[in-house]
Amino acid sequence: TVDVPALGTASVVTITSGPAEVRLFRLVVPEASALALGRARLRVTWDDRALPSIDAPVALFFGAGTLYNRDAREWLVRALPVSIRFRGGMVELSAVLPMPFEHAAHVELLAGGAAVDGVAWEVRTAPTDGPTNHVGQLHATFVDHGVPTPGRDLVLLDTAVHEGGGTWCGNFVGTSFVFSETGYYGTLEGDPRFYFDGARSPQAYGTGTEEWGGGGDYWGGVTMTLPLAGHPVGAPFGGAREPEDAIESAYRFLLADAFPFGRSARIELEHGGENESAEHYSSVVFWYGREGACLVPTDTLDVGDLA
């Protein structure tokens with residue numbers, strides 16, 4: 001267990017048994033500490049990187065915008081790679097996304113304004129075989145979007161800027177995001193748009209935010225959790241009981257259908273149907289990547305040249 005001070009950082013564990021991969025990461029606290037833990041920040045630094053590759057609010061990393069459980073459900077999130085479970089007066093947050101590292105992994109928790117005492121943690125690792133540069137490392141990039149700019153997409157991830165920038169080779173594997181902190185659903189008319197390897201038009205273009213989160217018609221205003229998509233928290237239309245209940249979030253994971261990129265990825269989301277919403281968004285993008293390009297031009301074909 002570890003205690004997280006109200007205005008400080010707690011070192012959870014440093015692993016130096018690489019090359020290996022984390023196969024399970026779990027946090028457990030009493031239900032009374034759930035909200036405070038959800039607002040804390042999880043940071044994981046792989047090997048000798050100058051910046052953490054996972055840097056996100058705890059609740060959002062595990063698939064929900066808050067750990068407020070309005071209906072006392074057992075499973076707030078029951079997705080394949082992450083889960084949030086309430087039972088026996090405790091809340092368990094688990095992640096089983098493989099997290100490879102070459103020689104070291106450092107995990108820490110930063111308080112989100114309130115102390116969290118007695119956080120039980122569990123990490124399971126397994127050794128890895130083969131060249132370490134054949135696998136990417138897990139990144140979870142958090143952005144607090146604040147007041148959105150009218151007429152411009154929200155940028156959830158830009159590998160040319162985030163985590164030091166440069167070129168990256170990897171796969172985009174999912175998002176966990178808050179789309180309103182006032183219980184408002186209308187902003188879901190915004191479309192997701194994804195650009196890879198310098199493309200100037202989107203190679204993936206969604207029909208709306210709630211479809212990206214696995215539901216049509218704003219999920220009918222109810223919460224749901226499925227293996228790869230969900231709307232786990234948020235009040236029904238206009239029915240928030242308290243401010244925490246008005247936080248509306250969704251998640252979407254891509255596993256077998258992950259989007260590969262060879263040198264860059266840019267993940268964008270409209271806020272409202274015409275980028276007009278003023279709702280407060282925050283987001284985490286999950287992606288695997290290694291520094292450097294793995295797709296480089298080898299030749300060219302000018303389709304406008306008759307010769």
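**Entry 1: nonpolar cores**

I looked up the largest nonpolar core and found 57 residues in it, with Phe-61 and Ile-84 having the most contacts inside it. I noted that a nonpolar core is a set of buried Ala, Val, Leu, Ile, Met, Phe, Trp, Tyr and Cys residues joined through side-chain atoms within 4.5 Å. Buried means under 20% relative accessible area, exposed means over 50%, and partly exposed lies in between, with a 1.4 Å probe and protein chains only. The largest share of this core, 5 residues, comes from strand β3 (residues 20–30). Strands (E, at least two residues) and helices (H or I, at least four) are DSSP runs, numbered from the N terminus. Apart from this core I found another, of 25 residues, among them Tyr-185, Phe-196, Tyr-218 and Met-224. In soluble globular proteins, nonpolar side chains tend to be buried together.

I recorded that this is a predicted model, in which local features need pLDDT of at least 70 and side-chain atom pairs count only at pLDDT 80 or more, while totals for chains, interfaces and linings use all residues. Residues are numbered from 1 along each chain as its sequence is written, and side-chain values use heavy atoms, with hydrogens and water left out.

**Entry 2: two residues and their contacts**

I listed the contacts (heavy atoms within 4.5 Å) of two residues. Not counting residues up to four places away in sequence, Phe-61 touches Leu-42, Ile-54, Ala-56, Val-82, Ala-95, Met-99, Ala-140 and Phe-286. Ser-83 is found in strand β7 (residues 82–87) and is buried, with a relative accessible area of 13%. With the rule on sequence neighbours again applied, the residues touched by Ser-83 include Phe-62, Trp-75, Arg-78 and Glu-92.

**Entry 3: the disulfide**

I searched for cysteine sulfur atoms within 2.5 Å, the rule for a disulfide, and the count came to 1. Cys-169 and Cys-294 form this disulfide, with their sulfur atoms 1.8 Å apart. The link is right-handed, with 75° about the S-S bond. Cys-169 lies in strand β14 (residues 168–180) and Cys-294 in the segment after β22 (281–291), so the pair ties together parts that are 125 residues apart in sequence. Cys-294 counts as partly exposed, at 43% relative accessibility.

**Entry 4: an open sheet**

I traced an open sheet of 4 strands in the order β13-β21-β15-β16, with antiparallel pairing. Two strands pair if DSSP finds at least two bridges between them. The edge strands, β13 (154–158) and β16 (204–205), each pair on one side only. Strand β15 (residues 192–196) is joined to strand β21 (residues 265–269) by 5 bridges.

**Entry 5: aromatic rings**

I found 20 aromatic pairs in the structure. Rings of Phe, Tyr and Trp (its six-membered ring) pair if their centres lie within 6.5 Å; planes under 30 degrees apart count as stacked, over 60 as edge-to-face and the rest as tilted. Phe-179 and Trp-219 are stacked, because their ring centres are 5.8 Å apart and their planes are at 25°. Phe-179 lies in strand β14 and Trp-219 in the loop between α3 (209–212) and β17 (224–225), so this pair ties together parts 40 residues apart in sequence. Phe-179 is buried at 0% relative accessibility, and Trp-219 is buried at 7%. Tyr-185 and Tyr-218 are also stacked, with centres 6.2 Å apart and planes at 20°.
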